[in-house]
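Biologist: Please take a close look at the backbone of this model, one stretch at a time. I would like the loops first, and then the helix and sheets that can be set beside them.

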Amino acid sequence: MSLFVEVALPVPLRQNFSYRVKESDSHLAVKGVRVKVPFGRQQLIGLVTGITDTCDLAPQQIKSVSEFLDTEPLLPDSLYQLTQWAARYYFCSVGQMLSQALPVALRKGAQVSAESTRFWCLTSAGHAADLDTLKRAPAQRKVMQHLLQGELTQEELNALELSKPALKALQERGWITHQDRANQLDLSWRDNLTLDEEPHRLNPEQAIAVATLNQQTGYHCTLLEGITGSGKTEVYLALLETVLKQGKQALILVPEIGLTPQTISRFKQRFKVQVAVIHSGLTDNQRLSAWRQARAGEAAIIIGTRSALFTPMRYPGIIILDEEHDSSFKQQEGVGYHARDLAVMRGHLEKIPVLLGSATPSLETLQNALSGRYQHLSLGERAGAAEKVRQGIIDIRNQPLKNGLSHALLNEMRIHLDAGNQVLLFLNRRGFAPALLCHECGHLHECDRCDAFFTVHQSLGEIRCHHCGNQYAIPRQCHQCGSTMLMGQGVGTEQLAEALAKEFPQYPVVRIDRDTTSRKGALEGHLNAIHKGEYKILVGTQMLAKGHHFPDVTLVGLLDVDGALFSADFRAPERFGQLYTQVSGRAGRASKAGTVLLQTHQCDNPILRELMHKGYGEFARGQLEERKQALLPPAWHMLLLRAEAHRAEDADEFLQQIAAILPQNEQCEVIGPMPAPMDKKAGKFRRQLMFQTQERSLLQKSFEAALPQIEALPLAKKCRWSLDRDPQDLL
């Protein structure tokens, strides 16, 4: 009898593929294992989704499975169901979704479990060796210094970035050696949980929140809405103590890699357990190692960014999303899944509680909490001795600005710095200047592939487009008139940090943005230096706004936020409210009083006024009402179709044909096609079409019915097109 398997492959075709199983391999055919199969001219690794003894294809069309890579299913049933559900919800193939759920190393065919671990240590000759003989070999000396403190695993050596040639040279000298030891599963934390520090005393609000959450059993989703500095992390820690004592694991998701070192240290200080860390800054092997620890149950706590959502837990206990409002939980490239929505679904499938924490909850989550779908807990007091911050607006109309700074802000900075405190300035624009201007003819140098201006990066000596990566050396002459009188227009973080170093020469300045933290470990180094007080003035983009705890920062200044008040995106007011509240929350977090100053030309703007006088909670509820009246998410449900082509007409016509296929009535609305807010990007013209429905199930049903017709359109091959369910960014 012939045996066939259905295989999900990481390709955009929304179908599974049938392969024949060789008779010698029939005992290996199990649902959920990885297989290597021929696909066109290449060999791909996919997951078995079904087993059958019949196949509709002609015998000569069916190829055989090349190799079975596993003996048992890779993912627990709950995660397998989650990927199936997500593939349907986000209109992508199961193979694409499964490839999101697996670490890269496993997608390339790595072993699921490691039989042994390699340890490096000094030999007796190494212990007796004189390190002074290695003066001319600093890399070898560094290896010896680390190994003198004790043995290290291969993983730890890689993490320390020690030189491989140095290891080889020391091994040839007979000074170091390695041993491979069989791995032993250590689950001791489940029987005996030890705390490394005494838990902090909770204030009444925190205690009520913890008691309420501890009473829950099975699946529950709760929004913990706590103002910045109200001690949400302390609530997480108290909750984890209960979960870990039951012998269950916890998955904690944070929005940015920058927040993981801080979160890890807080959890490691409190609990003496194994913590697995998963984010894109790690090597493939490091991520696989953490995935294995979580799957085996050795890691009691798993901390990671968006992709860590799919990490299997042997003893699932709780899922916590910190800063749930953050847009980095939504994947923009490839499959546009939202980690928050999938985390709630995973909790439902695994029958465990999900906790969403934020000072500025997204309107989607807030609506679910206000309608009773989620439980709603609030923390309105700042934890410890921290006081409420003083807020003020600096009206910069008709005011002279010095590198984007008003006299009032400079004077206030001087007062705080002279008192020995730190100052944080927020400017969401990296580079030296946002545009290059010719002083003679007024020409602004624009990217030749996008509808955007080049940003000047003085330290790199180049102009760069932040949308397509296009870059050139800073020109000597104007492209329009040939004049040499070129100057940067506007202020970026690079220029601001330089100007502050001249203005306050006695106070060290640190700049934190994507340019200064691209090197591995750079962000952690900067954050540690800030905590030690080595820097007094902090300049940064959004990377500095999120969740960081800087006890000595007493003044926060927001520069040039007017652009955020006028945007083509309907989410702009919500984003601005979150950003303003989060950045403000970095001030006065310890016992020192904090001040927040906002420079603006729009001091009468109603959004600003409402935020400052009523706070984010009231502001967000007002925004919800506005969205309801405008029939926008979360009141209605949206699917955004994007198309880009070398000819604008092709993209336009393609989306017009889609609009004709989609239903339009009182419950379904089609908006567009229209040009994207940035009409041209990377040499292609961009158009978009919005499909909205009153009910989520109606959107699912209507679009599933239309999709085969859309894919069959001849123009679908001329355009590059994509779908974005519940879009977070219309740009």
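Modeller: Helices (H or I, at least four residues) and strands (E, at least two) are DSSP runs, numbered from the N terminus. The model is predicted, so local features need pLDDT of at least 70 and side-chain atom pairs pLDDT 80 or more, while totals for chains, interfaces and linings use all residues. Residues are numbered from 1 along each chain as its sequence is written, and side-chain values use heavy atoms, with hydrogens and water left out.

Most residues other than glycine have a negative phi, and most peptide bonds are trans. With that as background, start with asparagine 398. This residue lies in the loop between β16 (390-395) and α14 (407-418). Its phi is positive, near 60°, and asparagine 398 is not a glycine. With a relative accessible area of 82%, asparagine 398 is exposed (buried is under 20% relative accessible area, exposed over 50%, partly exposed in between, with a 1.4 Å probe and protein chains only).

A positive phi also occurs at leucine 631, where the value is about 55° although the residue is not a glycine. Leucine 631 is placed in the loop between α19 and β27. At 34% relative accessibility, leucine 631 is classed as partly exposed. The loop between α19 (606-629) and β27 (637-645) also holds proline 634. The peptide bond leading from proline 633 into proline 634 is cis, and its omega is near 5°.

Proline 673 belongs to a strand, β28 (residues 668-681).

A positive phi in a glycine can be seen after helix α5: glycine 150 follows this helix, with phi near 140°. Helix α5 itself spans residues 138-148, and Gln140, Val143, Met144 and Leu147 are buried in it. Viewed down the axis of α5, these buried residues fall within an arc of 95°, so they line one face of the helix (the arc is that of the directions from the helix axis to the C-beta atoms).

The sheets complete the picture. Between β1 (residues 3-8) and β2, 5 bridges hold the antiparallel pairing. Within β2, tyrosine 19 is the bridge partner of valine 5.

The other open sheet to look at has 7 strands with parallel pairing, in the order β11-β12-β10-β13-β14-β9-β15. Here the edge strands are β11 (275-278) and β15 (375-379), and each pairs on one side only. On average, neighbouring strands of this sheet are turned by 20° against each other, direction ignored (axes are lines fitted to C-alpha atoms, for helices over the stretch in contact, and angles run from 0 to 180 degrees between N-to-C directions). Strands β10 (residues 249-253) and β12 (residues 301-304) run parallel and are joined by 4 bridges. Alanine 250 has isoleucine 301 of β12 as its bridge partner.

Conventions
Pairing = 2+ DSSP bridges.
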